[in-house]
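Subject: Structure handover

Hi,

Here is the structure for your files. My notes on its helices follow below.

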Amino acid sequence: MQIESTHPRYCPEHSLPEHAYQPGIDSASVRPPEREYDDGWNAEASTLCNSLGFRFGVDLFNNQFYWEAHEAWERLWLRARPESAARHVLQGLIQSAAAMLKAQGGQWHSFERLLPKASKKFTKAELSEDRGQLGWAPSPFLALVQQFGKRRGEALRPCIVLMLPAANR
């Protein structure tokens with residue numbers, strides 16, 4: 001089931017999946033095939049927001065495809081330089097996606113266990129010397145996720161908003 005979204009798409013050239021995969025609920029046969037989002041992102045020379053894989057992960061997250069967002073970001077995380085701001089923020093996003101997946105299944109204890117881990121990674125990213133390479137500040141997003149958790153899903157579902165030049169949209 002595709003969810004109607006009012007969020008802007010940051011990578012419209014990639015279509016969203018037809019079904020959001022839920023580990024432990026869906027059988028392996030329902031799991032979407034792994035997609036390669038290698039857009040040649042150079043972790044040394046380009047901001048994270050310039051990566052199509054990163055932006056597609058944002059589209060997936062904003063449309064409640066949390067497992068798929070995790071998968072898209074994990075490929076970038078594996079390529080990011082150790083202890084870089086990009087690596088920390090990607091790990092924080094991966095943990096946030098996992099937390100939202102748990103919340104979707106009503107597993108609030110797991111959500112609460114994952115969120116502080118994401119918060120620590122976002123803090124490390126924002127304190128890193130190379131934080132300018134992010135092109136995105138995680139603090140406002142983290143506040144939305146925390147509010148969502150405090151209200152047990154009764155708050156607005158958190159989304160990621162990127163401020164991209166028109167040429168990059």
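**Around helix α1**

After α1 comes glutamine 64, with a positive phi near 65°. Helices here are DSSP runs of H or I, at least four residues, numbered from the N terminus. The model is predicted: local features need pLDDT of at least 70, side-chain atom pairs count only at pLDDT 80 or more, and totals for chains, interfaces and linings use all residues. Residues are numbered from 1 along each chain as its sequence is written, and side-chain values use heavy atoms, leaving out hydrogens and water.

Helix α1 spans residues 52-62 and is mostly covered.

**The α4/α5 pair**

The axes of α4 (residues 108-127) and α5 (residues 139-150) come within 11 Å and cross at roughly 165°. Axes are lines fitted to C-alpha atoms over the stretch in contact, and angles run from 0 to 180 degrees between N-to-C directions. The two helices are therefore roughly antiparallel (over 145 degrees).

Which residues of α4 meet α5? They are Trp108, Phe111, Leu115, Ser119, Phe122 and Glu126. From α5, the partners include Phe141, Leu142, Val145 and Phe148. By class, this contact has eight nonpolar, four polar and one charged residues.

Best wishes

Terms used:
Parallel < 35°, antiparallel > 145°, perpendicular 65-115°, else oblique. Contact = heavy atoms within 4.5 Å. Nonpolar A, V, L, I, M, F, W, Y, C, P; charged D, E, K, R; others polar. Buried < 20%, exposed > 50% of the residue type's maximum accessible area, 1.4 Å probe, protein only.
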